[in-house]
Structures are given as structure tokens and as C-alpha cells.
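This briefing concerns the interface between two protein chains. The sequence and structure are shown first.

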Amino acid sequence: MSFIANATRYEDSPEIISTGPSSLSSTDRLARNLGWFSIGLGLAEMFAARSISRAIGMEGSENLIRAFGAREVASGMLTLSVERKAGLYSRVAGDALDLAVLSTAVKDDNPKRGNAAIALAMVAGVTLLDVAAALGTRQQRLRDEDDIRDYSDRSGFPKGVNAARTQAERDNREPEPEVKALPRPQTGGAEHRL
Amino acid sequence: MKALVWHGKEDIRCDTVSDPEIEDARDAIIKVTSCAICGSDLHLFHNYIPAMKPGDIIGHEMMGEVVDVGPSAKGALKKGDRIVVPFTIFCGECDQCKRGNFSVCERSNRNKEMADKVFGHTTAGLFGYTHLTGGYPGGQAEYLRVPLADKTHIKVPDSLTDEQVLFLGDIFPTGWQAAVHCEIEPTDTVAIWGCGPVGQMAIRSAVLLGAMQVVAIDRIPERLSMAEAGGAITINFDTESVVERLNDLTSGKGPDKCIDAVGLESHVSMGQPDTLLDRAKQMTMLESDRPHVLREMIYVCRPGGIISIAGVYGGLVDKIPMGPAMNKSLTFRMGQTHVNRWTDDLVRRIDEGQIDPSFVITHTAKLEDGPEMYKVFRNKQDGCIKVVLKP
């Protein structure tokens, strides 16, 4: 990848000689690939619903397939965003829906049941990847009890908070010019009916 | 040399890159001794700031020892000097610099034409940030070229440690400027959204500037405990109503001054439906920033109060309640920090022992561990609030 960086850099920017390990983990890369796959599949479902329904013997279900396509695109965008975990979980939920619908197509009276079975197997495989990516991402971003620290001894004021407040009072005691033209704010006093 | 390089969204690597050289008579090269990961580096990490390029060296909080000086900078710097580098590059000669508005220096952005088109008028060049601000290589590296180095530096006394002075280059003056913008009076309640590093500095600054009451708002327990240690009353927005608590603490009047130390990536939660809508818009590129904190500040701020924005915003925000803001006579103050405007006062306060900014450091690591530390910082794991890297 460093060739891309070097190709786009300014002439006077540093040249990348060798590149080190990335902050992107293998789980992150898997999730990213699943995100793009989701968008690609979703677009195919939205724009080729008729062909897909015919291929798996589900004629008449075009609108359902288009709706599933829209869901795939939304899940894909979420998976590619910073909220990757939510995106992956939404994909897992979508996979469950896909499996449920496809299982109804694997019946003896469906002449394309072979294709439906292949589609079912593919969705099952992708589901495993989605679950692995979701669990991996969850683990990566987990904040547990051990992450909670007590920093109540870190005031930042070497002489203590009270000394800091006293210092501020001392600093603020510097006389300021009195502005006589402005009225004093009224506090308390009688209640008025308005 | 080794440097942390941005290769794309969430893709930071510790690469070997060519060493920087003196390119201009006013340049200096420093050997970086300490650098830090800033909250705004996370905006780059998440690719929310436009005009980054793969291969950009990131980092804008750094300090080190001068190892080479251009001929025109020799009057101000010499080899061996120990300096903190402010994140804003400034010439010290233009109209804005003469006014002390260093973060909007008219001459330091080498991509001025691009910035003029996007912002209307250019702002200063920044280290390790977007190409809109010059695309200058940053300081999460072993060496750094400092342009306009005769002005763009802060000399620090040897009696103070790196950890005590490193934050003079960004987060300390940023928190300080946010508090100064509030024109704090002794009767004031100052509410601060976000208890990350800038929020923590803003809390201490508000105390040092004499606020009667400082209220800090966050949801991360360790950040809240650190805020409380600094003299703030805390509100956990996951478990309490921010509006109700602030009204309770101010006899129903609302805080006089509000500081946004969150910026464009405000927390998204089911309890705050506007944040969900913002997140959806952000993903579909209908909005670039999530301004929940701005909305809340405008709503709770006492009429006639001041809204001070220290958190970084990158582009466009939606549904800002300008009606309430206008009718409540609110004053908005914001901007990237004019770092060197505050330097003398802050160095004096550190030297006198009024404040020690090193309190905020929770993690120290090698530069090579930087990519991993970005994730720890982003995920708020291991009690992480501030990471310092040692090249």
C-alpha cells in the first residue's frame, strides 16, 4: 500500500521506505470486506430481484427480495462505519431472516430447490463469518470492570484544589475600573404581578 | 526514521520514512522526545476530517531537542534547545499574528488557495492534520521539521519535565482559551461537556480563573473521577438528566458559561434520539458533524451567557436551535487555539506549582506501539485518558 501513499504525496513530504503493522486487525479487515459484500449483494437484490427470484424458484417474491436488498445496503453502510459492531449484528439478524426465507424454498415442489439449497448453504457460510466478525469486534471494543480506574487522586493542583481556588480569588482581587453607568442587577425584592 | 502514518480510515501504521531536512531558512529540525495522541487525532483516525492523504504523518502534540536550524532561525533557536512545538504554525509577522490570532495566521498555510475556497479565508497551517491546513508532516515521529521555527516554538526551562510541559503545545492552552473565552466571574457556574484531556484542562482552567462552581458532564467513570479530583461537580449523562441537574445546581437559572470539549463526535445513544439521527445523517453524508452538545448547551445556558467551543468541528451541522440562542442573547466564542498567546502565563503557573498538567497522562508507550494505543484510546480501554508516546 505504501506505493499509493508515495504516489499521492507532496514532493517535499517524507517518502515511505517501509510500512509497519497496521492498527487494522484481521477482524477489522474481515468486517470491512463483509460490509462491501453486503452493499454489493444488496444492490444486486434491489436491481436484479426478478432474476434472483427465478433462479431460486421464488417467483412472486420480487418485492421481498428488493426489501432484503435495501436492508443489506443499510447493514453494509453501518458495517463500514465506525459503528461496525452494530452493523455486524444487524447483518447477523438479517442472515437469520435470509435463512428462514430460503429454507421455505428448499421444498420438493420447487423445481429450483437445488439452487435454493446452494443459496441456503452460502448464506449459512456468510452467517458464520458475520458471527465471527461480530464477536471479534465486540471483544476488541469491550470495556469491562478492569477498564474503570479511580483517578480521584489526580487533581492536577500540586497544592490542592482549595489552594487553587484561593489563588484564583487572590488573582481576581485586582481592582477593576468601576462602571457606574450600568445598573446593578436586582436580586430578591417584592414579587410583582406581570 | 520511524513515524506514525495515516493510511486510511482506522489504519495507522508505524512506518519507516525519509528523515526531514531543512527546506527553508526559517526551518528547524527537532528530535522528538515526547509526543501525544490527541482527541482530534481520533477524528483523523475515523476519517471525519476531509482532505487527508495516505502517507500523511500525524500528530500535533510534540516536543523535543533542536538538532538543526536554518540560517534565519538562528537568532531565535540553537542546537540543543529544548522546545515544545505549538500545533499551530505561525509567521509572527502578518496582521493576524500581530493581533495574537496565531491560529488564523495568514501566511503559514501552504495550501492557502484550497483553504480560501473551503473556509472563505485561510487559517494557519497545522502539524499532522488535513491538507486544508497545509498537510504538514506531524510530530508522532522521531524527527520533525518545524516551519517558521523562529516563531513556532515554546522554549521550556530544564527544571520542568517533558510530562509537565508537553501539553503547552495544545490541550492545556486549548482548555485555558476555552475558559478565558467564558470571561469567568466569581459568581459563575461553568458547565463543561466532555471530560477527555481538553475537558480536564478546561476544568482546571475554570477553577484557576475563579469560577464559583464548575460542573463536568461525561459518562466514563474514570474521566468523571478525574474531573471531580480537579474540583468539579460531575454529571453522568448515562444515569442522570443533564438539564435537570444543571438547573438544580443553579437554582433553575442554568449555567452562566458553557464549554464544549466534545466536538464533532458526540456520543450516540438511544436515550438521545437526536444523536441517532445525526449518526444516520453522518453515514449518508447529509451532515458531517454530530452537534448534540451544542444543542444541549444552547438549551441549558442561562440567558446572556457564553457558549465557548473548544471541541473540533469539521464541516456542516444540522438543527442548531438558533432561535433560542438569539432570543437568549447567547454569545458564541470558538476557534483553534492561539497557543502562544497563552504561553507565558501558563509556563509561569506550571513553574510556580499552581498546576501540573501531567496529571492527565494515563499511558506512556513507545512510538512503535502507537497504532495499538490509538485503539486503546478510542475504545477508552484500560482506563485510558491520555497517551504519551516516546520515540
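In this predicted model, A:I16 has B:V17 of β2(B) as its bridge partner. β1(A) and strand β2 of chain B (residues 11-17) pair in the antiparallel sense over two bridges, where pairing requires at least two DSSP bridges between the strands and strands are DSSP runs (E, at least two residues; helices are H or I, at least four), numbered from the N terminus.

**Extent of the interface**
- Chain A contributes 50 residues to the contact and chain B contributes 63 residues, contact meaning heavy atoms within 4.5 Å.
- About 4,800 Å² is buried between chain A and chain B, with 49% of it on carbon and sulfur atoms; buried area is the accessible area (1.4 Å probe) lost by two parts on being put together, summed over both.

- Six salt bridges are found across the interface of chain A and chain B, each defined by a side-chain nitrogen of Lys or Arg within 4 Å of a carboxyl oxygen of Asp or Glu.
- One of them joins A:E83 and B:R279, whose closest N and O atoms are 2.3 Å apart.

**The side of chain A that touches chain B**
- The elements giving two or more residues to this side are α1 (2-8), β1 (16-18), α4 (62-80), α6 (113-141) and α7 (161-172) of chain A.
- The most comes from α7(A), with seven residues.

**Basis of the values**
- Residues are numbered from 1 along each chain as its sequence is written, and chains are lettered from A and ligands numbered from 1 in the order in which they are written.
- Local features need pLDDT of at least 70 and side-chain atom pairs count only at pLDDT 80 or more, while totals for chains, interfaces and linings use all residues; side-chain values use heavy atoms, with hydrogens and water left out.
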